[in-house]
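Trainee: I am new to this structure. Please show me how to read a few of its features.

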Amino acid sequence: MNLSQTGVSAHTMGSTLDNYSKTLNTLKEKGKPIIGYFTNRVPVEILHAMNLHPVRILSFGQQNQGASERYLQTFACSWLRQIMDIGLAQGYETIDGIIFSAGTCDSLQNLSDIWKKVFPDQWTHNLTFPVLTSNPLANEYLQSEFETLIEVLSSRFLKDDNEIKLSSSIKLYNIKRANLLKISGFVSERKMKYNEFAKLLLFSDLLPVETVNEYLEKLITELLDFQNGTAAISPRILLVGGMYDNYKLFEIPEFDYLVADDLAFGTRNFNFQIPQDSFLPRYSKAYMDRIPESTSFDMNKRIKFLEELIQGHNIDGIVLLGLKWCDPDAFEFIPIQNHLDEQNIPYLKLETSPDISNLQQIKTRMAAFIEMLS
Amino acid sequence: MSTKDEERVYRRLDSLQTVKNQMAMYYLQSKNPYLSDEGKKIAWVTSGGPVEFLIAMDIIPLYPEQYGAIAGSAKDSTRLCQVAEAHGYGQDLCAYARTSFGSIFSPDPPTPLSEIDGKGGLAKPDMLICGNNICGTVLKWYQDVSRIYNIPMFLFDTPPLNGEKIPKHYLEYTISQLQLYIEFLEKLMGRRMEEETMLETMSNSRQAVELWTEILELGKCKPSPLNCADRFLLMAPVVAQRGLIETVTSYEAVLAEVQQRVDNGKGAITVDETYRLLFDNIPIWFNLYDFFNKLAEKSVVFPVDTYTQAWSTEFVETGDMLHDAAVMYSNIYLNKTLQHKIDLIKNLSIEYNCNGILYHSMRSCKRYSLGQPITRREITAKTGIPGVLIEGDMCDERNFSEEQAWTRIEALLEIIDLNKI
């Protein structure tokens with residue numbers, strides 16, 4: 001199904017994403033302070049409950065290529081360098097504050113300090129998740145981190161001491177996640193192309209959750225009625241990676257075989273629910289128990305999750321998509337590859353940067369991989 | 001002193017041999033743990049890991065990072081990196097990690113330390129102790145070693161500090177891990193940790209660190225009694241054998257000799273100190289003496305560096321050992337903010353009378369290196385002390401262009417000359 005058959009066309013989504021700065025300006029006009037974030041380790045429900053608008057910071061859009069070299073050496077993560085290039089070209093003035101996920105990878109950890117020097121007028125906060133989630137005190141620690149976040153956000157952005165009603169925000173985000181999970185099922189059934197789904201995912205992390213939910217529900221209704229899937233086409237490919245987010249790569253025909261992913265902005269961002277009545281510490285525990293990020297301690301948990309995706313989506317082959325200069329990707333792919341070798345599951349390892357400078361090479365390798373699987 | 005020594009541009013430190021002997025015994029014992037006792041266990045530990053607990057439990061701590069330095073100095077690390085790359089570890093990853101994986105997979109000894117047992121590499125570990133207070137890379141690195149050897153790993157998770165003060169919940173979380181750490185070690189060893197032994201180990205550790213700090217501080221004198229290469233070699237025991245009385249003894253000998261140099265007005269280099277530079281980051285191990293001696297020939301001395309300063313941590317003594325250890329290990333240099341690093345480099349440059357700073361921008365250590373362009377500009381703006389970045393690596397020779405580095409260093413020396421006019 002083409003998204004143009006629904007309320008919002010794929011073109012509109014692409015345009016919204018590509019004109020990120022303009023999109024933020026439009027959002028800003030609605031009056032809520034905008035809070036940017038990089039990873040899934042930011043409790044968006046808290047931001048929403050505090051009448052703030054959370055937006056995922058993306059690595060594509062108008063950029064001043066190479067401008068970041070003044071601040072970041074060339075061996076910094078290519079994704080973060082590009083984000084810095086974009087910031088130096090367009091400015092991030094529309095964003096009222098940024099929450100850094102500290103203690104994740106070395107590039108992001110150092111960027112949080114560098115950012116403060118490059119954009120000194122922007123409000124930032126470091127939120128650090130525990131890595132050792134099995135520690136009995138880990139959740140108490142995370143609860144304190146969330147409490148500190150609420151405190152600093154209140155003091156910076158709230159005008160009065162209104163009670164934070166977290167449960168209604170949790171409900172809205174749970175609906176969004178459940179709807180995205182349903183739609184991922186349609187992608188698996190080939191009723192929707194993965195590249196359109198990727199756009200939808202990124203789009204859904206920019207617009208207000210209420211608007212997104214309305215749209216997703218409409219889309220689900222239409223997809224339920226849509227009878228012309230192409231479920232028989234094979235091979236069925238699972239995309240495995242981390243922070244990569246430039247959807248344009250998935251628009252080349254070789255990626256039409258994708259039926260699922262475990263990307264940070266993808267399945268790992270919607271395949272969970274938070275108990276609706278929870279407040280701290282149950283809320284922080286739910287965040288801690290999510291599907292692990294690449295930088296987390298529990299590698300076995302990630303491999304188990306991959307196994308579930310492989311079984312659940314009847315996968316024929318896997319594409320490991322790493323970012324240039326991303327240490328967690330480079331390290332984690334090794335045990336994943338070993339696991340796939342043991343299970344005799346074919347895979348292709350690709351590496352690129354957000355500007356996809358090696359697009360032609362990727363196309364050729366993907367074509368050969370598909371031919372091999374077929 | 002022989003005629004040959006007189007001709008050298010640097011002065012040999014006799015007590016360095018004491019340190020070398022101590023380290024040789026250490027590696028000999030680690031390769032033959034049955035010689036010394038009835039089957040000591042071996043732990044691989046990161047440089048920010050709490051080693052005192054291992055020593056108190058009579059476990060031999062070994063440092064893959066230090067092995068990287070040994071392999072680098074022996075000019076074998078690049079080959080080991082290539083072995084790791086053949087096993088899937090990308091060339092962009094930490095060269096210490098690649099050297100370590102290379103030594104695990106290398107089918108072709110001799111690798112460094114093979115002279116001890118013919119096998120090369122570090123002795124195989126029984127457990128892994130990983131402290132993420134130095135970087136996030138060690139977490140993924142040690143996870144993979146744990147998978148390869150199928151051995152237990154203890155993660156010591158220290159949230160990076162956002163300022164000079166440690167928040168209460170950070171401290172409680174870190175202390176709780178030290179309690180778990182003791183339980184982990186006791187379970188593996190099948191015996192309790194003796195409080196008295198632990199206190200004695202901590203006391204030795206404190207003494208070693210204090211002596212190390214005293215040795216480093218003598219670099220403030222003119223001429224500087226130590227150069228970079230001296231300190232990089234002398235640091236081995238304070239990294240790996242902190243907590244043992246042998247380290248205290250070795251450092252007492254080193255301090256006495258360095259103090260004597262100061263008293264006699266003798267510097268580490270035999271020529272005038274025209275340029276006193278601060279060195280930032282891990283050294284280029286595969287080029288250690290060549291690099292610093294070539295600079296010494298140009299009257300360049302390095303009275304101070306940030307890497308060896310990292311082991312001159314201030315001890316907190318409240319009487320609560322776990323609390324004090326948690327504070328100390330949270331305050332590790334690389335676990336602190338960029339602003340802290342800038343302030344430290346600025347203060348060291350002033351205290352040690354430096355007229356220039358050499359930043360080693362090392363592609364395989366992001367945590368240490370990212371931020372250096374800002375550091376350089378900010379310090380120069382505040383103090384007038386110029387600095388340059390040279391690109392290189394601690395272990396991978398393919399990432400170092402000597403000519404490029406020299407061009408930049410010469411530019412720095414010219415700026416310093418101009419500043420004198």
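Trainee: Which residues of α2(B) are buried?

Mentor: A residue is buried if 20 or more other C-beta atoms, placed from the backbone, lie within 10 Å of its own. In α2(B) the buried residues are Thr18(B), Val19(B), Tyr26(B), Tyr27(B), Ser30(B) and Lys31(B). This is a predicted model, in which local features need pLDDT of at least 70, side-chain atom pairs count only at pLDDT 80 or more, and totals for chains, interfaces and linings use all residues. Residues are numbered from 1 along each chain as its sequence is written, with chains lettered from A and ligands numbered from 1 in the order in which they are written.

Trainee: What is the mean pLDDT of chain B?

Mentor: pLDDT is the predictor's confidence in each residue, from 0 to 100. For chain B the mean is 92, and 95% of its residues reach 70 or more. The model has an ipTM of 0.92 and a pTM of 0.93.

Trainee: How much of chain A is buried?

Mentor: Of the 374 residues in chain A, 48% are buried. The C-alpha trace of chain A spans about 60 × 50 × 45 Å along its principal axes. Among contacts in chain A between residues at least 6 apart in sequence, 74% join residues at least 24 apart.

Technical notes: A residue is buried if 20 or more other C-beta atoms lie within 10 Å of its own, exposed if 12 or fewer, and partly exposed in between; C-beta atoms are placed from the backbone. Helices (H or I, at least four residues) and strands (E, at least two) are DSSP runs, numbered from the N terminus. Two residues are in contact if their C-beta atoms, placed from the backbone, lie within 7 Å.
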